[in-house]
Amino acid sequence: MKLRRKRLAEGLKNVRRKQGDIMRYIWKDYEPEKMDFVEAWLDKHAVRMTGMEEGYRSEYEYWAGEEEHIVGENFWSKVVYENENPFALVQLGLYEGVVTIMETIVAPGKRGKGLGSGVIKELLQNSKSIIGFDIEKAEAVIFPSNIASRKAFEKAGFNFDHAHEDGDALYYIYEKEILFGMNDISELNEIPQTHEIRCIGINERRVFNKHLRLCKPKNKRLFFRGASQSDWKKWYNEGTEYYLLFVDDKPVSRCAIEKYSRDAWEAADVKTAPEYRNSGYSKEIVAYVTKKILKQGKTATCRTQKNNLPMLKVMETIGYKKLQ
């Protein structure tokens, strides 16, 4: 517990998506006297991953009592509900314009279903509504052994930044992306499809991993082993659809459909293998996937960082508009 607090404090001191209008969850302020159910979420696994041997209420009171923290202004603890059922908690602190996501706890029965990453995404996309502050940059501090949390934050848009010199904490960084949208198929510019593009099924993990190797990921595990069977099934069961574009039978470009709400789906995780870039493949596959989304009667969204000029050009050419 004390080590965890120390690393979080260092994170707060060392760090010097256009807001979404569709929210799936209800966010309420944590109330220690009324929300004892949070303590029940800290089973043996959660305690091992968070270091909260004394329970969450003790953790909350420690940080809320810090002299520089003002609850509701630069320190928040939010309980997340789906309908009327609470299932997650997120604790955040603000220092010099950077938000640190200090804790995320998911109820035992809700783990392994992609809800953790979904909660983080919704927070980032709707932070103005949830905490009254527009998150431009955020940090997360995670124990190295907490693989599930690392994957959830990566899926939500965080990237590994560095490990603590003692090796007992990992720091992940998020920088806000620009959100683009399209509501009607009439807004979609016609982009010719000149290559095979298809959705790959649950039994085609090897095809996806072949694409990953072509992309030469920095992560050595991804390069040599690719996506694991459990990860692949999890993405598939969450409703994520992956599309690949083939050139000479090689899967050189990808784009996924992420069904993050009832009304809006995202053209996400766009990537083209390095040797095949600047050939229009990203534009072709994003246009194809966007058309699929719009034909289902959903709003299509897509996002990228403000310095990703090639992707910004792709979205402009297809017909996406920046959401205000």
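Helices (H or I, at least four residues) and strands (E, at least two) are DSSP runs, numbered from the N terminus. The structure is a predicted model, in which local features need pLDDT of at least 70, side-chain atom pairs count only at pLDDT 80 or more, and totals for chains, interfaces and linings use all residues. Residues are numbered from 1 along each chain as its sequence is written, and side-chain values use heavy atoms, with hydrogens and water left out.

**View A. Ile-142 in strand E5.** Ile-142 has 3% relative accessibility and therefore counts as buried (under 20% relative accessible area, with exposed over 50% and partly exposed in between; 1.4 Å probe, protein chains only). Between the C-alpha atoms of Ile-142 and Gly-181 the separation is 32 Å, the two residues lying 39 apart along the chain.

**View B. Gln-91 in strand E3 (residues 85-95).** Gln-91 counts as buried because its relative accessibility is 0%. Its side chain forms a polar contact of 2.6 Å with that of Tyr-56 (a pair of N or O atoms within 3.5 Å; within protein, one must be able to donate a hydrogen and the other to accept it, and residues adjacent in sequence count only if both atoms are side-chain atoms). Leaving aside residues up to four places away in sequence, the contacts of Gln-91 (heavy atoms within 4.5 Å) include Trp-63, Phe-75, Trp-76 and Met-102.

**View C. The buried residues of helix H7 (residues 147-155).** These are Ser-149, Ala-152 and Phe-153. They cover an arc of only 95° around the axis, so they lie on the same side of H7; the arc is that of the directions from the helix axis to the C-beta atoms. The buried residues of H7 pack against strand E4 (98-106), H5 and strand E5 (137-142). Just after H7, Gly-157 adopts a positive phi of about 115°.

**View D. Helix H5 (residues 115-125) and the second largest pocket.** H5 is largely enclosed by the rest of the structure, because 9 of its 11 residues are buried; among them are Leu-115, Val-119, Lys-121 and Glu-122. The second largest pocket holds about 390 Å³ of space. Its lining comprises 19 residues, of which Arg-24, Gly-114, Gly-118, Lys-259 and Tyr-260 are the closest to its centre. On a 1 Å grid over the protein atoms alone, a pocket is an open set of points where a 1.4 Å probe fits, with protein on both sides within 12 Å along at least five of seven lines, and lining residues have an atom within 4 Å of a point. H5 gives the most to this lining, with 6 residues. The lining divides into 5 nonpolar, 6 polar and 8 charged residues.

Technical notes
Points joined across faces, edges and corners; volume = space filled by probe spheres on them. Nonpolar A, V, L, I, M, F, W, Y, C, P; charged D, E, K, R; others polar.
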